[in-house]
Amino acid sequence: MKGEFIPFDAVRRLAVDAIKKESLPENVLPLYLIRDLLGRVRLAVSDAVEADETCLAALRSLADRLYRELGAHGYPPDKAVLFPNSVMLQSLKDTRQKVAGLDRVYWVDRMLTGKDWQTVGEPRTEGASERFTLFSIKGGVGRSTTAAVLAWHLTRRGERVLVVDLDLESPGLSSAMLDSRSRPRFGVSDWFVEDMVEQGGRVLEQMTAAPSWVQDFEGDARIAPAHGNDPGEYMAKLGRVYMDAPGASWTTRLNRLLELLETDFEPTVVLLESRSGLHDIAAATVTDLDAQVLLFAIDAESHWTDYDILFRHWQERDLRTTKRIRERLSIVSALTPEIDTERYLQGFRERAWNLFRERLYDQVDPSSAPGEGFSFDLSDEDAPHDPLAVHWTRGLAAGTSLHDLEQTPVAQAYTQFLRRFDRLRDTSGDGAAL
């Protein structure tokens, strides 16, 4: 083993410092630093450089320096430089990160997981249904209950609401919102496995059902559960459900499923219950579906630490990516305690503000005009950091049925949340006047 121990977290800084110490000719650029699946760093430049002796000498010098300074995370100089063609270099565009302080130098991480957190999907066409993703770093914070309450609230106000259970490892929306007699034959998991053998269309028309309370309201709602009324070989399906199809990633397939469901039902609002945690499957629902994202949290160090990991990852991306994701986020204070509520929410708001301010808000000069830049005061009630509060009640803790919300303590727990949610839709410019 060569040299001193260089940990993974030091590699990027050391690699960038090594480049700053070298004199690179203009023809070398753009230059890519590619950290592979093993965590080792190579250089990549256009294949047009391969015949330029001046550029080759500079690259050899840089490769030698990287080998010395990166320890086990470096490649021997004779294996450290790649010369991809222009098409291959163009393929790095979506995953590259610009290196601060160096013109036309980019960092690329090759990862088995985590890739979907790096990109943000394009906005959909004007007039498309509003999508809301319910996401949390940790489980057990009431996302399923909130999906049910939001569907009930919006349907009562005349909306057409589609709820999709994408928390496939922990399915619950079907039993929470539909009684056993009204559950559909198939669910989301069935569509994904049948779509692989070109039978998705046969499943689609039998994978949604209406909750019982729909008949009492002006609007309409449909639930697409994780599985049908008989889960069948659910574990076998779960082992196949996240597969890419030929020419289509899982995220592309998910988008297609949502578009098919939306075409069939024509909802005004789509509620997506996401898988929790930092897995790529959760990333697809947060970043790639053009959805507003409700970030559920409690005022606990583990929640803030994990959200900081995610926000810092976005912060390190290019500014365009950061701008597109931050405008979709709103924090939710889940399980807000009954006792000393105001003090708890004040502390929660301050922690959320510090997180957004450090990672995603613009650094605005105090003398700037109000509203300049993406930045908000602590007390701004329409800011992403200002929590939509769900109040904990004994009824929620007891696992109250969600089949008939009018007769439960759930509505009381969500009064403040729903008021803030309606305002969120109004201020986004997409919601109806509620």
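Me: At 40% relative accessibility, what does aspartate 340 count as?

Reply: This is a predicted model, in which local features need pLDDT of at least 70 and side-chain atom pairs count only at pLDDT 80 or more, while totals for chains, interfaces and linings use all residues. Residues are numbered from 1 along each chain as its sequence is written, and side-chain values use heavy atoms, with hydrogens and water left out. Buried means under 20% relative accessible area, exposed means over 50%, and partly exposed lies in between (1.4 Å probe, protein chains only). With its 40%, aspartate 340 therefore counts as partly exposed.

Me: Which loop holds aspartate 340?

Reply: Helices (H or I, at least four residues) and strands (E, at least two) are DSSP runs, numbered from the N terminus. Aspartate 340 lies in the loop between strand E11 (329-336) and helix H13 (341-359).

Me: What is the phi of aspartate 340?

Reply: Most residues other than glycine have a negative phi. Aspartate 340 is not a glycine, yet its phi is positive, at about 55°.

Me: Is glutamate 198 buried or exposed?

Reply: Glutamate 198 sits in the loop between H6 and helix H7 (200-204). Although not a glycine, glutamate 198 has a positive phi of about 60°. Its relative accessible area is 77%, so glutamate 198 is exposed.

Me: At roughly what angle do the axes of helix H6 and helix H9 cross?

Reply: Two packed helices are described by the angle between their axes and the distance between the axes. Axes are lines fitted to C-alpha atoms, for helices over the stretch in contact (heavy atoms within 4.5 Å), and angles run from 0 to 180 degrees between N-to-C directions. The axes of H6 (residues 188-195) and H9 (residues 250-265) come within 11 Å and cross at roughly 115°.

Me: Which residues in H9 do Val188, Trp191, Phe192 and Asp195 in H6 meet?

Reply: Let's look at the H9 side of this contact. Those H6 residues meet Trp250, Arg253, Leu254, Arg256, Leu257 and Leu260.

Me: How many aromatic pairs does the structure hold?

Reply: Rings of Phe, Tyr and Trp (its six-membered ring) pair if their centres lie within 6.5 Å; planes under 30 degrees apart count as stacked, over 60 as edge-to-face and the rest as tilted. With that rule, the number of aromatic pairs is 18.

Me: Which kind of aromatic pair do tryptophan 191 and phenylalanine 192 form?

Reply: Both tryptophan 191 and phenylalanine 192 are buried. Their rings lie 5.1 Å apart, centre to centre, with 85° between the planes, and the pair is edge-to-face.
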